[in-house]
Amino acid sequence: MEQDDLRRRCQVGEPIGLDEAAVLAISASRGMSLSPEHVAGVVSFNDALRDDLARLRAMPLPYTGAVPLPSDALTWIENGGRRSSCADEATAITRGLPDE
Amino acid sequence: MSDLAELSATELVSLFRAGAATPVEAVSACLERSSADAATTNAVITSCYEPALDAAEVATRRYRDGSAGPLEGVPFGVKDTIATKGVRTTGGSSIYGDWIPHDDAALIERIQHAGGIVVAKHSAFSFALGDESRGDFGATRNPWDLDRTPGGSSSGSGAAVAARQVPVSIGSDTGGSIRLPATWCGVSGIKPTYGRVPVHGVMPLAWSLDTAGPLARTVEDLASFLQVMAGHDDRDSTSSRRPVGDYTGALRQGVAGLKIGVPQNWFLEICDPHIASAVEQAAEIFAAEGAHIVPITLPNAHLTQAIGWFIILAELGSLHEGNLERLDEYDPGFSGHLVNSQFVTAQDYMRCLRLRSVIQADYETAFSEVDAILVPGNPSYAPKLDNMMCQVGDREYFWLEIAARTTFSANITGIPALSVPAGLGWNDLPLGIGILARPFDEETCFRVGHTYQQLTDHHRLAPPLAVA
C-alpha cells in the first residue's frame, strides 16, 4: 500500500518529504556523515519548500515541439528581453496558453 | 570644507579637478573614518591603508599633470569575495583566510584603470550566502542600529557606505545581495543586467545568476562606477558583447513620458505598510514629473523564490563539492546550505533553469506596456542579529523567508534592478524602493532613480553613527 502511494505521488509529481531516515540513508550512500543539526536542517528545509516545489513540478514542460531549454533564458537576456518565435511557442505551452 | 568622507565620488572628483582638495586628503579622511570600524560596524576585513595612500599620492600627481582618469583618486571598498591583487581575499571565510590573489578581478582592474583607489576589503556573508551573525570574522553591524544586520551578502559594503567610510563599495548580487544591504542601510545599489559586468575574479555563488555592481549613496555615483565596470571581458564567458550604454548621460533625461508599472500582485502582498506607502508616494512623484503610472500583473511571481533557491543550491553544491569533507570549517549558515544542496535533484534544478523563460515571459509582457517597474526594495526592515526575524504587520518571518521576495525576479530574469533609499519606517530604520528595467537598459533605472533623488532627500539621511 505504501509502495502504491509512493508510486502515485511520483507519477503526479507530488514532492516526497525527506524524513530523517531518508536523509541519513541518502547521505550515507554518498559517503557523507551529517551532524544531527544538519539532518534536522535538511528535513526542515524540505518541509518549508514542499509546497513551492509542488507548484514548480506542476508546471508543464513540453517534450515535443518547441522545448524550453536553459539556454533560452540567456538568449532572452542577450536579445534585450525578447523571445525567439520558437521560445514563444514553448513558453505558451508551458504557461498553458493557446499557441500564438 | 566639508569632511571629505561625507562627500560622494562625483563631488570628490569635482573638488579634485578644481584643486580644492586632493586624493591624499580624501583617502586619508576615509581611512580615518574606518579606523573605529572594528568597534562599530565591523565592515572591514582588511584595510589597504598603505597601498591606498601610495595610490593617492600618484592620483594627486595625475591631477597636477592633467592625466587623471574619470574616477581618479576616488576611494572605494570591495566585497571580500572579489579578488584584489596582493591583498588577501577571504570570501568572508577562514577557509580562504590566507588567500592572496595574483590578479585583480576584471572589474577591479577597470575601476583602478579609471583612477579608483581600493581602501578596504569589506565583509560579506561567507561565499555570498553564509552566516549573517556567526561568520568567521564576526557579525557585521548596521550603522543605523548596531544590534541589527546590514543585510547581505554584501554586508560590509552596505554598512561602510552608510557609515561614510567610503563613498562607494563594490558588491555582488545573486538573489539580492547588493539591493538588500543597500535598502537596509539606506544607500543605493544597482544589480546590473546578467553579463553586463564581467565576473572574472568574483567568487561564484551560482553562475547562472551571479552579477557584480556598486553600492553608493547616490545614483549618480552608481552610474559613474558602472560606466567603467561594464563591458565584455574575454576571460568571462558569460559577459555580454553588447555595447555599453551612456549611464552618466542618462541621468539628465528625467522621467517625463516614461511608463512606470506598479505590480498589483506578489510584491505588495507581504509588505510593511510604511514601505508600501513609500512605493505609492514614489509613483506620485514620478507622475508629477510627467511619467505615466500603469498597474501591471506578473502572474508567475510566486514561483520566483523557489526557482531562485533551487538554482543557487544546485550550483553552490557543485562549486563547493570539492570541500564537502571540510564541512565543519564552513560557518553554520553556509554549511547548512551546502548540506541542503546535496538533496536537490538534477531534475528539479533543470526544471528551474527551464522555467526561467516563464518568468521572463511575464516581464516581456509587462515591458511591452511599460519602460520600468517600481517595487518595494524589501518587504521589511533590517532584523536584529540575535534572531534575524523580520516584522511585517503583526507577523514575523525568518529573514530568509522574505528577504529575496522582491529581489529574486531580477536575478532569475537577468534584468537590471536599482535600489534607492526612500526614508525611514515607523522604527526609524531605512526602507527603500526598487526600479526594474529591460535587459541592458540600466539607463532607465538611472533616469528614474536619479530623478527620485533630485526630488527627495532620503539619500542624504545619515545614520547616528556617521553623524557622531
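User: How many residue pairs are in polar contact across the interface of chain A and chain B?

Analyst: The model is a predicted one, and the pairs counted here have both residues at pLDDT 80 or more. On that basis, the number of residue pairs in polar contact across the interface of chain A and chain B is eleven.

User: Which element gives the largest share of the side of chain A that touches chain B?

Analyst: The elements of chain A that give two or more residues to this side are α2 (20-29), α3 (36-48), α4 (50-58), α5 (70-78) and α6 (85-94). By class, the side comprises 21 nonpolar, eight polar and nine charged residues. The largest share, seven residues, belongs to α5(A).

User: Which residue of chain A meets D348(B) in a salt bridge?

Analyst: Across the interface of chain A and chain B the rule finds two salt bridges. In the one formed by the side chain of D348(B), the N to O distance is 2.5 Å, and the partner is R57(A).

User: Which three residues supply more of the area that chain A buries against chain B than any other three?

Analyst: The contact involves 38 residues of chain A and 43 residues of chain B. Between them the two chains bury about 3,500 Å², with 66% of it on carbon and sulfur atoms. Of the area that chain A buries against chain B, 19% is supplied by L56(A), W76(A) and I77(A).

User: Why is helix α5 of chain B described as largely enclosed by the rest of the structure?

Analyst: Burial is taken here as under 20% relative accessible area. Among the residues of α5(B) that are buried are S155(B), G158(B) and V161(B). The helix, residues 155-162, is largely enclosed because the number of its eight residues that are buried is eight.

User: Which residue with a positive phi follows α4(B)?

Analyst: In this helix, residues 106-113 of chain B, the buried residues are A106(B), L107(B), I108(B), R110(B) and I111(B). Their cover includes β2 (75-79), β4 (168-173), β6 (211-216) and α7 (219-229) of chain B. After α4(B), the residue whose phi is positive, near 110 degrees, is G115(B).

User: Which residue in β8(B) is the bridge partner of P263(B)?

Analyst: Strand β7 of chain B, residues 259-263, is mostly covered, with four of its five residues buried. Five bridges join β7(B) to β8 (residues 292-296) of chain B, and the two strands run parallel. In β8(B), the bridge partner of P263(B) is I296(B).

Notes: Residues numbered from 1 in each chain as written. Chains lettered and ligands numbered in written order. Predicted model: local features only at pLDDT ≥ 70, side-chain atom pairs only at ≥ 80, totals over all residues. Heavy atoms only, no water. Contact = heavy atoms within 4.5 Å. Buried area = accessible area lost by both parts, 1.4 Å probe. Salt bridge = Lys/Arg side-chain N within 4 Å of Asp/Glu carboxyl O. Polar contact = N/O pair within 3.5 Å; in protein donor to acceptor, adjacent residues only side chain to side chain. Nonpolar A, V, L, I, M, F, W, Y, C, P; charged D, E, K, R; others polar. Buried < 20%, exposed > 50% of the residue type's maximum accessible area, 1.4 Å probe, protein only. Pairing = 2+ DSSP bridges.
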